Amino acid sequence: MSVCELNAIHEELRSRRENPPGSLQEARIGFDQLCKRFSAPPDCSSTASTLGGVPVRTVACVESRRSLLYVHGGGFMVGSAEGFEGIAGTLAAGT
């Protein structure tokens with residue numbers, strides 16, 4: 001991530017402090033949009049499924065030799081498997 005991209009994200013977070021979302025749904029959408037800016041490495045693939053009725057993503061990278069279970073935070077209020085796909089992909093690429 002470039003310094004320019006990082007500065008844009010910092011600015012967006014600062015503006016959300018000054019103009020907070022009007023509802024929890026708006027906060028969820030905004031948080032997911034922010035998380036989706038971090039894309040998985042190009043050699044990763046992602047498959048959507050459910051586990052115990054909960055939406056999950058299986059992210060696999062070509063060169064990975066190990067498995068990692070990544071459970072994103074969010075306090076059961078914000079965040080989604082889809083939103084955290086990029087972060088999970090980056091972690092998968094490092095395994």
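How many residues does helix H2 have, and how far does the helix reach from its first C-alpha to its last? Helix H2, residues 24–35, has 12 residues and reaches 16 Å, close to the 16 Å expected at 1.5 Å a residue. The expected span is 1.5 Å times one less than the number of residues.

This is a predicted model, in which local features need pLDDT of at least 70 and side-chain atom pairs count only at pLDDT 80 or more, while totals for chains, interfaces and linings use all residues. Residues are numbered from 1 along each chain as its sequence is written, and side-chain values use heavy atoms, with hydrogens and water left out.

**Overall layout**

The protein chain has 3 helices and 2 strands, in the order α-α-β-β-α along the sequence. Helices (H or I, at least four residues) and strands (E, at least two) are DSSP runs, numbered from the N terminus. The C-alpha trace spans about 45 × 35 × 15 Å along its principal axes. Of the 95 residues, 17% count as buried; buried means under 20% relative accessible area, exposed over 50%, and partly exposed in between (1.4 Å probe, protein chains only).

In H2, the buried residues are Ala27, Gly30, Asp32, Leu34 and Cys35. Helix H1 (3–18) is among the elements that cover them, judged by contact, meaning heavy atoms within 4.5 Å.

**Core**

The largest nonpolar core consists of Cys44, Val59, Cys61, Ala88 and Ala92. Such a core is a set of buried Ala, Val, Leu, Ile, Met, Phe, Trp, Tyr and Cys residues joined through side-chain atoms within 4.5 Å. S2 and H3 each supply at least two residues of this core.

**Two residues and their contacts**

| Residue | In contact with |
|---|---|
| Ala88 | Val59 and Tyr70 |
| Gly73 | Val78 and Phe84 |

Gly73 is found in the loop between S2 and H3 and is partly exposed, with a relative accessible area of 47%. Its C-alpha atom is separated by 22 Å from that of Ser45, 28 residues apart along the chain.

**Pocket lining**

Strand S2 (54–61) and helix H3 (85–93) each supply at least two residues of the lining of the largest pocket, and S2 gives the most, with 8 residues.

Key
Lists of a residue's contacts leave out its neighbours within four places in sequence.
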